[in-house]
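Subject: Structure for you to look at

Hello,

I am handing over the structure we spoke about, with the sequence alongside. My notes on what was found follow below it.

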Amino acid sequence: MTELEKKVNFKILSEREALKVRYRRAENQFVLPSPTVEEENSTETQIPESEIPLTGKLSALARFIECVKYWIGLKRSVSDLSSEEPLPSLHEVLEDLNLTEIAHIRWAFYYLQIYQPDPGDSQLERVRGYLEAFHHLGQLGAWEEASEILFLRLENGETLHDRLEKGGYFQEAIALYKPLIGRVSEQIDAVCLQGLGNTYYLRQDYQKSIQYLQDYLKILPEKAGIPNLDRAFLYLGNAHYSLGHYAKTIEYLEQCLELTQNFAEFFGSGDTLFYLGNSYYCRQQYREAIEYLKQYLPIARNNKQESILGTTLLYLGNAYYSFQNYRKTAEHLQEYLDILANVEGESEIDKTFLAIGNAYYYLQEYERAIQYLQQHCQLLEERGQAIASENVFLYLGNAHYFLQDWERVIRYLQKYIGILDEIGKTPTLAITWLYLGNAYYYQQQYEKAAEFLQKYLNIAKDKEQVRDVETTWLYLGNSYSILQDRDKTIEYLQLYLDRVESQKQRPNLTKIFLKLGRAYYSKEQFSPALEYLSQYLSLTENNREQREGFEETLFALGRGYYLLEEYERAIDYLQQYLNLAEAGEMPAELEIALLYLGNACYASNRHRSTIEYLQQYLTLKGKTEGKENLKTILYNLGNSYYSLKDYAQTVEYLQHYLDLARQTLEKEDSLTEKLSRKIRKLEEALLNIGNAYGNMGEYNTAISYYEELLNTARNTDDRPWEGKAVMQLGNAYCALGNYRQALERFEERLIVAEALNDLPNKGKALSSLGMAYFYLGNYHKSIRVSHKALKVARATRDKLEEGRIFGNLGNAYHALGDSDRAMSLYQQHWNIARTSGDRGEQGTALGNLGVIYGFLGNHTQAIKHLQQSLPIARELGDRYEEGRLIGHIGESHLRLEEYSEAREHLQEALKIARNIHARHLEAEILKNLARLNQNLGNLETAREYCDLALAIAMELELSELPLYQELQKQLKPSMLTTLWETVLGLIQKRIPHSMTGN
């Protein structure tokens with residue numbers, strides 16, 4: 001307390017002094033300042049006009065102050081109060097008031113007129129007097145006067161309530177606003193409600209803020225043109241935003257923006273954009289969210305508030321994500337992550353990693369996608385949280401797929417499927433199966449690859465639009481190929497091939513052809529197998545070193561063509577295969593290749609090659625060969641040797657074959673197609689072995705095989721082979737000189753041919769019959785039958801048979817002595833034989849010409865033709881023809897009196913005839929030997945030969961029997977000759993004894 005102040009004694013305090021009392025908070029007491037000279041001389045105190053809120057008319061507060069001044073004598077007149085009636089005196093007023101009310105009046109007047117704050121007081125202390133005055137006026141119920149205190153202008157021009165709000169004196173502001181509501185006017189209520197709403201908003205008491213601001217809006221008659229209405233909408237929107245009422249936020253903030261004329265300078269524009277954007281974001285209205293947040297983003301960057309900027313970037317990134325604008329998503333979320341000071345402290349950072357990872361995934365920036373998705377998983381793992389979305393593993397797997405990291409593809413996609421299995425779901429994306437299948441395929445886990453690629457095709461709805469369908473078919477086909485599932489290999493590779501060919505694509509099909517070929521080959525579907533394998537070889541023609549399984553392919557082609565009975569092509573590929581095998585290691589298929597080659601060569605009539613390959617095969621195989629293969633080998637070898645006229649080898653192999661074949665046939669119960677084929681082979685073997693024995697002159701043995709052939713044919717009702725059997729029997733009997741039996745067999749052949757309506761064989765049967773009749777000496781019938789045969793040969797255009805018949809006719813006419821006709825017929829036979837190139841017929845024709853030349857006495861020419869024919873007979877292995885020709889050569893030398901040559905040839909011919917049991921031929925040779933010895937004077941030897949010949953002729957009932965008998969008569973000696981020979985013989989016997997004695 002200063003010297004100019006004294007302690008207040010309220011009991012003796014006058015009204016004038018009461019107005020001067022001040023309260024010292026520091027001393028906690030009331031004081032009364034001593035009056036100064038100025039105060040004593042002053043008669044009135046003026047209210048600054050700045051404190052009068054209304055103009056033209058004094059406000060209630062101003063009237064109150066003026067009245068108080070008048071009552072206490074500070075003012076002499078109240079005429080300026082514009083009152084129609086004079087104011088009551090202070091005495092009159094005080095009579096109606098109690099002391100408390102009088103005190104409130106005094107205090108109110110004091111704080112409004114006298115109280116002066118210290119210069120160093122705070123902002124609140126500087127307006128403390130107004131607050132105190134408001135309180136006292138309120139206590140008096142002078143609400144109109146109290147309400148005007150709100151609008152008092154302070155030294156800087158602000159109103160009192162604005163100063164309180166801006167200064168953060170919210171409690172004091174609330175103490176002003178609340179008492180006035182409902183006590184003065186709607187205008188004052190509006191100010192107070194808005195003020196309370198603003199104050200509670202600033203105090204972050206959003207519920208009360210919303211309550212007062214909404215009440216404020218309700219009492220406004222028309223909202224347009226109301227001052228600070230935009231702020232009300234702003235605070236309402238923001239308050240609702242803080243409470244998570246996003247629809248209301250949007251409602252009020254949109255209205256706020258509509259009322260804002262210069263939005264760029266509007267004090268709440270940034271927050272409004274931010275809250276609007278966020279509200280739309282939280283309501284998943286992402287298009288509107290992007291609109292507002294995009295406008296707010298520059299503001300956020302300028303404000304440099306990282307938390308606000310971060311939220312803006314986060315929401316913008318996520319909103320763009322919803323519209324699949326992944327570039328913007330990645331851009332904003334990447335910036336969001338860059339400004340975060342403490343990543344680990346952000347609870348939502350895992351979701352950001354997920355979103356940015358997904359965005360980079362869709363942008364096909366797979367390495368960055370993997371980086372963020374793995375961070376997402378790692379963060380959740382560190383927190384002990386489960387992965388919220390199984391799609392994380394899906395995208396990780398797919399991203400690694402595009403980076404060709406197959407191991408991780410499998411790891412993540414299997415996790416994805418495993419999670420779905422646990423929750424009872426199946427992948428909605430068929431592409432998952434595709435990627436898994438392809439990854440397993442690249443990892444060479446073909447069973448798994450086939451499993452998942454098959455699933456992919458099974459659940460893909462539109463097969464024509466399946467993604468990478470050609471590649472899927474290709475990988476499935478390749479996988480099944482390695483897994484040796486031939487059916488599925490063919491199914492999928494064929495689909496792949498058909499598709500690329502229909503679309504005229506030109507991928508490298510080399511391995512496709514190879515795998516398809518092998519698959520078809522394994523199923524023994526050789527036509528498509530060979531087609532694809534051939535294309536494979538064609539495509540790799542210029543790159544042989546990189547051919548996969550070249551040798552195996554050659555073998556497969558060879559075997560395939562072999563089994564399809566395309567033997568020439570089989571031989572080509574199998575020989576290539578063998579050539580490669582000779583240059584390298586011996587392949588496992590070498591033996592079977594030799595077998596197929598030998599058999600294919602046999603079917604192609606390459607008999608020497610047949611023997612070469614099959615003999616090699618037997619050498620390699622040894623005695624381990626199975627019966628069925630062995631039978632085929634023996635059969636082919638025997639017939640090949642037969643074709644090459646190596647009859648001894650023919651007999652060896654065919655005999656072995658027959659032994660095995662007979663055993664097999666004995667076990668067959670019924671006639672089947674397979675058995676029929678076996679019987680045909682047996683019949684051919686019997687025929688050829690019979691022919692081999694016949695060509696070797698072992699006619700009786702040949703006949704035994706022909707008889708077996710005949711029985712087999714008749715037992716199986718095989719008329720064609722029956723015809724062949726009786727024909728060969730006839731030929732054998734002819735060779736043995738048993739012409740009547742031969743004639744019977746040829747007649748049987750004719751019957752069979754007629755029954756079968758087999759004109760060519762009918763002609764051959766007639767031709768053979770003509771020959772038989774010739775040998776039986778019935779030359780005229782031989783000629784008649786031969787002419788019938790000639791008609792058939794011409795009808796069937798069989799020139800060779802026609803030539804043979806000319807030869808037979810020549811023999812008959814020759815026998816009848818018509819040598820000229822015989823010569824003409826032989827010449828026609830020769831012309832046909834020479835034109836046809838048939839060596840056998842050429843030899844026969846030359847031999848016949850030689851015989852006729854000899855008959856005509858031109859023995860030199862005869863020998864020439866006979867010697868030309870002889871090599872052919874030997875080449876063909878025809879022992880009978882060889883013996884006949886040599887015999888005629890000897891006969892011609894005999895006619896030329898070249899006895900030494902004659903004896904040599906006749907003896908050789910006799911040896912052949914006897915070796916082959918050709919009795920007729922033997923008789924002819926014996927006859928000529930008899931004549932040779934007759935000419936040499938060896939009559940006894942001559943008679944011996946003649947007797948042997950006559951015996952055979954009589955046995956065979958040869959037509960030449962009279963000639964033999966005539967020769968015998970010629971060689972029969974007279975009585976004188978017999979005596980002389982006896983004497984000569986005795987002399988010859990004695991001479992040696994004399995010589996011995998000497």
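Q454 lies in helix 24, residues 446-459. Its side chain is joined to that of Y492 by a polar contact of 2.5 Å. A polar contact here is a pair of N or O atoms within 3.5 Å; within protein, one must be able to donate a hydrogen and the other to accept it, and residues adjacent in sequence count only if both atoms are side-chain atoms. Leaving out residues up to four places away in sequence, Q454 touches L476, Y480, K488 and Y492, where contact means heavy atoms within 4.5 Å.

Some ground rules. This is a predicted model, in which local features need pLDDT of at least 70 and side-chain atom pairs count only at pLDDT 80 or more, while totals for chains, interfaces and linings use all residues. Residues are numbered from 1 along each chain as its sequence is written, and side-chain values use heavy atoms, with hydrogens and water left out.

On confidence: pLDDT, the predictor's confidence in each residue from 0 to 100, averages 82 over the chain, and 83% of the residues score at least 70. Over residues 36-57 pLDDT stays under 50, and the model has 25 contacts beyond four places in sequence for them. Residues 992-998 also stay under 50, with zero such contacts. Where pLDDT is low, the predicted coordinates should not be read in detail.

For the chain as a whole, there are 50 helices and three strands, taken as DSSP runs numbered from the N terminus (helices H or I, at least four residues; strands E, at least two). Of the 998 residues, 49% count as buried.

The largest nonpolar core has 308 residues, and L112, L137 and I149 have the most contacts inside it. Such a core is a set of buried Ala, Val, Leu, Ile, Met, Phe, Trp, Tyr and Cys residues joined through side-chain atoms within 4.5 Å. Beyond its neighbours within four places in sequence, I149 is in contact with L61, L112, Y130, A133, F134, L137 and L160.

Finally, I417 is found in helix 22, residues 406-422, and is buried at 7% relative accessible area. The C-alpha atoms of I417 and N391 are separated by 9.9 Å, with the two residues 26 apart along the chain.

Regards

Key:
Buried < 20%, exposed > 50% of the residue type's maximum accessible area, 1.4 Å probe, protein only.
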